[in-house]
Amino acid sequence: MWGSMESCAGLATPLHPHGIMTTAPATAFDRLAARYDELWTNTGPGRAQREAVWRHVDPLFQPGACILDIGCGTGEDAAHYMSAGLEVSAVDASPEMVRISRGRGVNASVGAIENLDDIPGTYDGAVSNFGALNCVRDLEALQEPLKNLIRPGGHLAVCIIGRFCLRETLHFLRQRQFHKAFRRWSGESQSPSLGLRVFYPTVGGIERALTPEFTLVRTAGIGLSVPPSYITMLESRLATCDAIDRRLAQLPFFRALADHRLLIFVRK
C-alpha cells in the first residue's frame with residue numbers, strides 16, 4: 001500500500017499507451033479515497049511527515065497569495081493553506097478525491113497532472129505533495145505548463161517518494177520481503193494495491209527536467225527517522241523520531257535516506 005501517495009493518478013481521459021491515458025489510475029484512487037485519511041493522513045507518521053512539509057512550505061507564501069495544489073488528494077494540504085490565509089485552487093485526477101476535497105471547502109476540480117496546460121490563470125506558486133508526481137513518467141513535459149502557471153519569482157514545492165528509504169529497506173529486510181525492500185532502487189515499480197506504475201526520479205533528474213525555467217533552491221528529507229505510515233510505533237517514540245528529523249533531515253547525506261524528498265524551486 002503506497003499510503004503516502006497523494007492521488008497521483010494521471011489521467012482523467014482515455015488515451016492509449018505511451019502518452020496513452022486511461023481511466024484506470026483515477027479509478028484506483030477513487031476506490032482508495034474513502035480510506036485515504038485513515039491509512040495515511042491521520043496516522044502518526046503521516047501527520048508528522050505532513051507537518052514537516054508545512055514547516056518548509058509555509059514561509060514561502062504570505063496571506064493573500066494564490067497557489068495551485070497539484071494532486072490535492074482529500075484536500076488536507078489545501079485546507080491547511082487556506083487556514084493560513086492563502087487562496088487555493090486544487091486539481092486531482094480522482095473525482096472521488098475531488099468530491100471529498102470540495103466537502104472541506106476546497107476549490108478543487110478534476111484534472112490530470114499531464115494536462116496542466118488546460119488550467120487557466122497565473123499563480124504565486126504551486127505545491128505538489130506526497131508522491132503526486134511519482135505517477136508521471138515524463139516530468140520534463142511539465143516544465144512549460146508550470147512556467148505558464150507560476151509567475152516569475154514564484155515558488156514551486158514538490159514532495160516526491162524518494163528512490164531510497166532507509167527505514168523501508170531495513171523494515172522489509174527484517175521481514176525477509178526482499179522485493180519490497182529494494183522496490184524503489186531501480187527507479188520504478190508496480191504498485192499491486194493500486195495497479196499503477198510508480199516512478200522514483202532522482203533529485204538531479206527532477207532538477208534537469210525543470211531547467212532552465214526553474215531553479216532549485218532547497219532540498220530536504222521528509223521521513224528520515226519518522227517511518228512510512230505502515231510502520232507503527234508509540235507516540236512517544238514518534239516524537240523522538242520527529243525531533244531527530246528536525247535536526248538531521250535537511251543535511252546532505254541524511255536527506256538522501258528519507259522516505260520523501262522535498263524540493264523547492266523558484267520560477268525564473
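Two strands pair if DSSP finds at least two bridges between them. Helices (H or I, at least four residues) and strands (E, at least two) are DSSP runs, numbered from the N terminus. In S2, Ala90 is the bridge partner of Asp69.

This is a predicted model, in which local features need pLDDT of at least 70, side-chain atom pairs count only at pLDDT 80 or more, and totals for chains, interfaces and linings use all residues. Residues are numbered from 1 along each chain as its sequence is written, and side-chain values use heavy atoms, with hydrogens and water left out.

**The sheet**

- Seven strands form an open sheet with mixed pairing, in the order S3-S2-S1-S4-S5-S9-S8.
- Its edge strands are S3 (107-110) and S8 (214-222), each of which pairs on one side only.
- From one strand to the next, the twist averages 15°.
- Axes here are lines fitted to C-alpha atoms, for helices over the stretch in contact, and angles run from 0 to 180 degrees between N-to-C directions.
- Five bridges link S1 to S2 (residues 87-92) in the parallel sense.
- S1 also runs parallel to S4 (residues 123-128), with three bridges between them.
- Asp69 stands opposite Val127 in S4.
- S2 pairs with S3 in the parallel sense over four bridges, and Asn107 in S3 is the bridge partner of Ser89.
- Helix H4 (residues 95-103) packs on the sheet and touches S2 and S3; its direction makes about 165° with that of S3.

**Strand S1 and its crossover**

- Four of the five residues of S1 (residues 66-70) are buried, so the strand is largely enclosed by the rest of the structure.
- Buried means under 20% relative accessible area, exposed over 50%, and partly exposed in between (1.4 Å probe, protein chains only).
- S1, helix H3 (residues 76-83) and S2 make a right-handed β-α-β unit.
- A crossover is right-handed if, with the strands pointing away from the viewer, the path from the first strand over the helix to the second runs clockwise.

**Helix packing**

- Helix H2 (residues 44-57) packs against H3 at an angle of about 45°, and their axes are 12 Å apart.
- That angle makes H2 oblique to H3 (under 35 degrees counts as roughly parallel, over 145 as roughly antiparallel, 65 to 115 as roughly perpendicular and the rest as oblique).
- H2 contributes Arg47, Arg50, Trp54 and Val57 to the contact, and H3 contributes Glu76, Asp77, His80 and Tyr81.
- Contact means heavy atoms within 4.5 Å.
- In helix H6 (residues 166-174), the buried residues are Arg167, Glu168, Thr169, His171 and Phe172.
- Helix H7 (178-181) and helix H9 (235-248) are among the elements that cover the buried residues of H6.

**Val266**

- Val266 is found in strand S9 (residues 260-267), and at 21% relative accessibility it counts as partly exposed.
- The C-alpha atoms of Val266 and Thr215 are separated by 5.2 Å, though the two residues are 51 residues apart along the chain.
- Beyond its neighbours within four places in sequence, Val266 has contacts that include Gly153, His155, Phe214 and Val217.

**Backbone exceptions**

- Most residues other than glycine have a negative phi, and most peptide bonds are trans.
- Phe130 is not a glycine, yet has a positive phi of about 50°.
- Phe130 is found in the loop between S4 and helix H5 (143-149) and is buried, with a relative accessible area of 0%.
- Arg176, also not a glycine, has a positive phi of about 60°.
- Arg176 lies in the loop between H6 and H7 and counts as exposed at 65% relative accessibility.
- The peptide bond from Thr211 to Pro212 is cis, with omega near 10°.
- Pro212 lies in the loop between helix H8 (203-210) and S8.
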